[in-house]
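Colleague: I have a structure open and want to learn how to read it. Can we take it feature by feature?

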Amino acid sequence: MAWLVASLRRLRDERSSTIALGLLVFATAFVFAVTPRLFEHIADGAVQTQLREASSFDRDIQLIETRRIDGTTDDPLGGVDQVGASLQAQLPASVQALISDRNVLVDSLRWTVAKTTADPSFMRFRVQPDVDAHLGYVAGHPPTGEVRQIPNPFDASGKSPPIPVFQVALSRTAATAIGASLGDIVPLTPDPTDSLVGRLVVEGGGDLVAGAEIVGLYDVTDPADPFWMDDAAFVGPSYRGTLLTRLVDVTAVLSPDAYPSLLDETASLGSPTRYTWRYRVAPDRVQANDTGRLLVDLRRLESTFPATNGRTTGTTLRSGLLPLMETWTVRWGSATTLLGVIAVGPIVVAIAALAMVVLLVVARRRPSLALSRGRGASTAQVVGSSIAEGLLVTIPAAVVAVAASVLLVPAGSPGTSIVAAFAIAFATTLLMVLAMLPTAVAAPRGPGRESVGGRRTSTRRLILEGFVVLLAIAGAYLLRERGVHSVASVGSTPASDPLIAAVPALAGVAAGLILVRLLPLPIRFLGRLAGRRRDLVPVLAMRRASGGGSAGAVLLVLMAATAIAAFSLTTLLHFDQAADEVAWQQVGADYHVGGGLAVLPSDLDPATIPEVKASAGVFAVRATLEARRLPLDLVAIDMSDLAAVVAGTPGDPDIPPELLTPTVPAGSGYPVIVSDVFGEGTQALHVGDTFTLPVEARTLTFRIVDMRPRYPGLPEDVPFVVASRDQLRADRTDGFRTNSAFYVRADDSPATAAAIRAGVRDAAPFAVVDSRAERTADLRTSPIIDAIVLGVALAGLLAAAYAAISISAALALAGTAQAVEVAHLRTMGLTRREAFGLVIVEHGPTIVIGFVAGLVFGVLLFGVVQPGLGLDRLVGSTLEIPVSLGLDQVAAIAAFAIAIAALGIGLGAYLQRRAIPVSAIRRGFE
Amino acid sequence: MTTPSTTATNDDPATPAIVDLPTAGLGKRTRAHPADAGRIVCEGLVRIYKVADLEVVALQGLDLVVGSGEMIAIVGASGSGKSTLLNILGGLDVPSAGRALVAGHDLGKLSRRERTAYRRRTVGMVWQQTARNLLPYLTALENVTLPMILDGGSERQARAVRLLETVGLGERLDHKPDRLSGGEQQRVAIAVALANEPDVLLADEPTGELDSVTAAEIFGLLRRINQELGTTVVIVTHDALVSEQVGRTVAIRDGRTSTETVRRTELADDGEHRVVHEEFAVLDKAGRLQLPRAHVEALGLADRVRLRLVDDHVEIWPDAPRDMRPPGGRP
């Protein structure tokens, strides 16, 4: 113990180096401790934002039952509420924890509007508690529970029983669509095509007739209100259609008080009622750490309550929460994997910096250690004092770092932070012991008896370096081919394989080893060039550089930092380009107006909106390639208009000329572009082959002129057949007239987007207007991409800081001998300026080589490993984006490298401030 | 075996007298030491260093015997091997061949643990660089206590105080090396070397960085240590003051002992005591000896010499007649 106390007195004397080491350990431990907390915090924000931005339909949970639940006059929906509560209790605990509130919709059967209307019209009654608070009545009043009986208007004889008349309210646009006005009684009969009616057994024959008295007309106050859960049923009419006709659906507000009467009046039909309990998911309650358990529970939920599949019995689940969470998990997993790969570089540089500083600290203590050994200290005593000293400096630093990280970022448990911080502390202590071990183990030689002379590289070391290079090449191949995700993660949440993720760092080490071996060649060449000059400085500098010293360490560190910067910047550029190209691929034009496979109103023409420069209509319908039972989308586009919309843009699909002719020779089949999937499997089709598709009771023959993996504006995961609507219409004048979507060309300003949306909404409230510019912005600024950008920026900053520290430590390590040399030269007349020039010229070639090598390596490495990083999961597309780096990015990396080198050399020069001639020479003799 | 060659007396008035420090007595040793505890025997000692691709033979079969309690000086030109010899005797280095026995320890056969114990207890070392003899972050007292701590001794503090008082630094106990003069640092270094009562004290040019007055003080201290404690003292030095004051000076040349100068005091006829120097050439086991360079050059000896045994001595004659010898003794 006394020996330990005596040796630890060293700390008292060497305060500056002890404090410097302690600060470095604190900073490193803090970074390692706070980073996982930060990303946990970001992950929470990311998943919550993703849920918040998702549609209510996707995010929330709906449980649907089709049956009859009795209600009483006193508490019409009491029984319904009880069932809703009971169902909520059956939800898994982790899902229940997310539910903030619950409401219910009660839908009646669909009625046919039994009066003359412009288009066949249908009405459904809906009871939704508290709905009136979200409606703005422009005429009349909210409906009450009063149900009166009136004579059957279809039976002039009066023998039929009276019909019930329910008070309802309609939106203004819905009322207009069915040609109704305030006060009208709309006659209704059950729609036999409705699933709730299909099993009707009417006793006594005849159709049940009911009436809907329109007592109120309203506008929905805010269609985007979360109350609606993205359900636009009350906003206005929706449309269904066939090739020839358009059907109008309206939803009428029915008072909850009328619910018991509804059940009574439809009892004779035995018609069930559809109950939809909506459970609102609060995004703020989702924690990234709990997503694993949540996914398990959501999958269990789907097995407990099967998804809607056309059945009308039992409880069915309708929710996009599971695919939303699965998508997020996959994307976040890919993001963390990518960040993990990027993080390995700064970790290696940080450990190198720690090692360099530890070497510097130990180098200054080596004479004392040697003296202690000379005085009789054993190896164990010296090692023990180093361990004690290391722990004394590093443990408090780690403790403070953990405390600071927990205070700064409260997210998550401190366990990971504690482990990370203490790992740094123990690693630093281990480095100190390892650095000091040669002195502790070797026979002491007394003061001033350092070993002299150079050492040749042993064969063993060369073999080891060669092995590292081969390992790196093999690892890069594996990473590219197999990807960074572990085999176990196939089919489940992706988890990165740490060995594969470390490959880029291994490749960096291998490249560094090769570079260090090759460095003397250009240095010698430059030395020969410099030797032709008469100037002392370049000659001396090249002689010093070719003598080794700190050049190798500076080169390695600078190359590593530059490679990290290049890799990171290339990654960011890739995302930037990918966001743009993916947006063009997903939207297909500046704007895409669509309603899925629903038909848009015939009076919707985006070209009439002033801001629109051009538009092209699209008709889409689901079909099946019977021979292969392959479901697909048949998409017929106005090709003559499409050119005006997409010409000169990345969305230009490069239409084959066969699709641009106005007509098609008879019997040759309509020329089409099809998915690559057509060419797969045992009944593969090829360019030139024909096939037929049954489309709306017609059989059409198509001829393949091109096969592609994707088509702009169409989903990537659905096989497609793209044809020219002009050609189809030329042959079928009565078909393909309705529009499913439009491609629109207009500028991408927010004002234009708003104007287009307003114009579309007037004619088709349910239509969705997709803006390519907004999609690009979403892809670029999603929380996950923000996290990657933050991670990349942090990696670059850390790499720069630690590289600067490493370089300054390396220079300081080599500094004493150099300081003496410079001091000698200064006694001979070398000026301060020339001495500074020596430093610059000596390290200049190393900096340039390190920068160039790092830049090339970083970009090449990205190109090699990019296919295996799973970046397609992040951008949501398998679109291949070429790897590139612009001149401005190269300049930024060059500035980055120069800044690191300048900072490092400046710090190193400061640490070498013994260059006062007399002091340095005097010390040189010690 | 030595051969007397020359004698000389110490009557150079320029040489300052050794000054005895007005300190307390060094006292007695607390540990038992056998009578020949400080005996040093080197036989055919060889040490070869490998520096890059070169092999440097620092010692080429050196023979040396130092009696227990003796004080000798070792002199030689730079690169002659004297510091290498001292490092081997101090347990800091291992001979490549030959034998080195110090206080009964065969230095070529010690295990790592035995060598550590040897450095703690058997030898004390004092190096030339004053600042490097001491740990800079410990006070004088702590530096002296350190070897005792390493050895696990008791009453460390008291003994350390006593040692420092002995060397005249009783009022500098809490001073760190940077607050001590060069001479004071060397005195602390001597106290450190004596901390565990070593049998042998080795000093590698202890006065090399000191002025003559301070050097004289240091030498006086070393002599007192030798006289009062019976510690064998071996001093490697260039300092004529030191080499001319010790009883025996061994000169090393080309990795071997070449000559020894023995000094003794004898009573002259006039009743005055005078110091007599006798220089001997060292004969190794193979019967080889190194003639003093001055003799070689004076007689122009080169390549071969003639030997003649005459009664009780051997005569050495140049090979060629005087008038046929080339200048400088080279053919």
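Modeller: Begin with helix axes. An axis is a line fitted to C-alpha atoms, for helices over the stretch in contact, and angles run from 0 to 180 degrees between N-to-C directions. Bear in mind that this is a predicted model.

Colleague: At roughly what angle do the axes of H1(A) and helix H9 (residues 321-374) of chain A cross?

Modeller: They cross at roughly 160 degrees, and the axes come within 12 Å. Angles over 145 degrees count as roughly antiparallel. H1(A) and H9(A) are therefore roughly antiparallel to each other.

Colleague: What is the hand of that crossing, where H1(A) passes H9(A)?

Modeller: The crossing is right-handed. On the H1(A) side, the contact uses A:Trp3, A:Arg10 and A:Leu11. H9(A) supplies A:Arg365, A:Ser368, A:Leu369 and A:Ser372. Sorted by class, this contact of H1(A) with H9(A) has three nonpolar, two polar and two charged residues.

Colleague: Within what distance do the axes of helix H1 (residues 2-13) of chain A and helix H10 (residues 379-408) of chain A come?

Modeller: Their axes come within 9 Å and cross at roughly 50 degrees. That angle makes H1(A) oblique to H10(A). The crossing of H1(A) and H10(A) is right-handed. From H1(A), the contact takes A:Trp3, A:Leu4, A:Ser7, A:Leu8, A:Arg10 and A:Leu11. Residues from H10(A) include A:Gln381, A:Gly384, A:Ala388 and A:Leu392. By class, the contact of H1(A) with H10(A) has eight nonpolar, four polar and two charged residues.

Colleague: How many bridges pair strand E13 (residues 591-594) of chain A with E21(A)?

Modeller: Four, and the two strands pair in the antiparallel sense. To find the spot, look for A:His592, which stands opposite A:Asp770 in E21(A).

Colleague: And in chain B, what is the order of the four strands in the open sheet?

Modeller: The order is E3-E2-E5-E6, with antiparallel pairing. Strand E3 (54-66) and strand E6 (105-106) of chain B are the edge strands.

Colleague: How many bridges join E2(B) to E3(B)?

Modeller: Ten, with the strands running antiparallel. B:Lys50 stands opposite B:Glu55 in E3(B). The hairpin of E2(B) and E3(B) has two residues between the strands, and B:Ala52 takes a positive phi near 55 degrees.

Colleague: Over how many bridges do strand E5 (residues 97-102) of chain B and E6(B) pair?

Modeller: Two, again in the antiparallel sense. B:Leu101 has B:Asp106 of E6(B) as its bridge partner.

Colleague: Which helix lies across strand E2 (40-51), E3 and E5 of chain B?

Modeller: Helix H1 (residues 82-89) of chain B does, running at about 110 degrees to E2(B).

Colleague: Last, the whole chain. How many helices and strands has chain B?

Modeller: Chain B has eight helices and 14 strands. Of its 331 residues, 51% count as buried. Take contacts in chain B between residues at least 6 apart in sequence: 68% of them join residues at least 24 apart.

Methods: Residues numbered from 1 in each chain as written. Chains lettered and ligands numbered in written order. Predicted model: local features only at pLDDT ≥ 70, side-chain atom pairs only at ≥ 80, totals over all residues. Heavy atoms only, no water. Parallel < 35°, antiparallel > 145°, perpendicular 65-115°, else oblique. Left-handed = near helix turned anticlockwise from the far one by under 90°. Contact = heavy atoms within 4.5 Å. Nonpolar A, V, L, I, M, F, W, Y, C, P; charged D, E, K, R; others polar. Pairing = 2+ DSSP bridges. Buried < 20%, exposed > 50% of the residue type's maximum accessible area, 1.4 Å probe, protein only.
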